[in-house]
Amino acid sequence: MMKTFCARLMAAAAPLVLAFSLTAMPQGAHAQATPAPVAAPDATAAPAAEAPVAAAPAPTPASAPATASAPAKVDNPYGVGALWAQSDLVAKTVLLILAIMSMGSWYVIVTKLLEQMRMGRQAKEVDNEFWNEGTVQAGTARLAEGSPFRFIADAGVHATKKHDGLRGKVDFADFVDLCIHRATERVQRRLSNGMSLLATVGSTAPFVGLFGTVWGIYHALTAIGIAGQASIDKVAGPVGESLIMTAIGLAVAVPAVLGYNWLLRRNITVMDDVREFSGELHSVILAGSAQA
């Protein structure tokens with residue numbers, strides 16, 4: 001009986017369940033359709049998709065190198081030009097002195113080197129032409145004008161002609177040796193001209209540059225103290241420009257010292273040829289006078 005009652009109850013409730021389910025379906029469909037308004041973010045996403053078009057001017061890598069290369073065209077505010085423009089009379093005088101020292105030392109180095117090379121060629125001419133002649137006068141005429149070897153040969157020839165009067169009381173060999181030795185010493189002094197300049201520049205140029213550095217740093221620190229700004233950008237520029245003075249002084253001194261030592265060694269080699277010629281000339285003159 002209970003089963004019959006339950007069956008009848010379920011049969012009576014079935015239409016109600018079906019009606020409830022039919023009324024609930026539109027609400028569920030509406031609940032599922034409510035996410036459709038999420039399409040609104042899609043509408044907002046459309047501008048995001050269009051953002052690359054709007055932001056197209058942003059990625060301009062070509063403009064970045066242009067702005068980066070722009071500072072390269074600006075003059076260096078901490079170079080030698082800025083040092084000259086911002087320096088006072090004392091600093092400019094120091095720079096001019098260093099420039100004159102540099103030009104003078106390079107002039108001496110070049111001219112002395114050319115002179116030594118010329119004397120080396122003239123020494124070879126002496127071996128090929130002078131000693132092959134019959135007399136000293138004939139050999140002297142074969143030598144080039146202005147040659148130190150011709151100057152010494154002329155001194156020896158004139159010594160034979162001036163050996164009279166009071167000079168005649170001196171032994172002939174000693175008198176000829178004195179004249180030739182005097183001419184040789186003059187050649188050596190002429191060859192050494194300018195070497196003192198190189199020594200002076202090499203020893204004083206660093207101190208001249210150091211004086212310019214001390215003077216520049218003093219004025220830079222004074223200007224910084226007056227301005228009241230001691231940041232690194234305010235200190236590095238003026239102090240760095242002042243230190244350029246020391247670098248310039250060393251750049252002037254080092255070539256002068258190297259050139260002095262190099263030319264001095266070459267002078268010794270050249271003078272060996274000159275002294276050798278003087279000794280042989282003295283012997284030839286004495287032999288010729290003995291035969292006469």
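A: Helices (H or I, at least four residues) and strands (E, at least two) are DSSP runs, numbered from the N terminus. The model is predicted, so local features need pLDDT of at least 70 and side-chain atom pairs count only at pLDDT 80 or more, while totals for chains, interfaces and linings use all residues. Residues are numbered from 1 along each chain as its sequence is written, and side-chain values use heavy atoms, with hydrogens and water left out.

Q: Where is Met117, then?

A: Met117 lies in helix H5.

Q: Is Met117 buried, exposed or partly exposed?

A: Met117 is partly exposed, because its relative accessible area is 40%; buried means under 20%, exposed over 50%, and partly exposed in between (1.4 Å probe, protein chains only).

Q: Which residues make the nonpolar surface patch?

A: Trp106, Val110, Leu114 and Met117 make a nonpolar surface patch of about 390 Å². Patches consist of residues with over 30% relative accessible area and no salt bridge, with like charges joined within 9 Å and nonpolar side chains (Val, Leu, Ile, Met, Phe, Trp, Tyr) within 5 Å.

Q: How do H5 and H8 pack?

A: Helix H5 (residues 89-130) and helix H8 (residues 172-191) pack at an angle of about 145 degrees, their axes being 11 Å apart. Here axes are lines fitted to C-alpha atoms, for helices over the stretch in contact, and angles run from 0 to 180 degrees between N-to-C directions.

Q: Which residues make that contact?

A: Lys112, Glu115, Gln116 and Met119 contribute from H5, and Val187, Arg190 and Leu191 from H8, where contact means heavy atoms within 4.5 Å.

Q: Turning to Asn267, what does it touch?

A: Leaving out residues up to four places away in sequence, Asn267 touches Gln116, Leu191, Ser192 and Met195. Asn267 is placed in helix H10 (residues 232-291) and counts as buried because its relative accessibility is 6%.

Q: And how many salt bridges are there?

A: The count comes to two salt bridges, each being a side-chain nitrogen of Lys or Arg within 4 Å of a carboxyl oxygen of Asp or Glu. Lys112 pairs with Glu115, with the closest N and O atoms 2.8 Å apart. Both residues lie in helix H5, three residues apart, about one turn of the helix, and both Lys112 and Glu115 are buried.

Q: What about Arg150?

A: Arg150 forms a salt bridge with Glu145, the closest N and O atoms lying 3.1 Å apart. Arg150 is buried, at a relative accessible area of 17%, whereas Glu145 counts as exposed at 66% relative accessibility.

Conventions. Accessible areas come from the Shrake-Rupley method with a 1.4 Å probe; for residues, only the protein chains shown count as cover.
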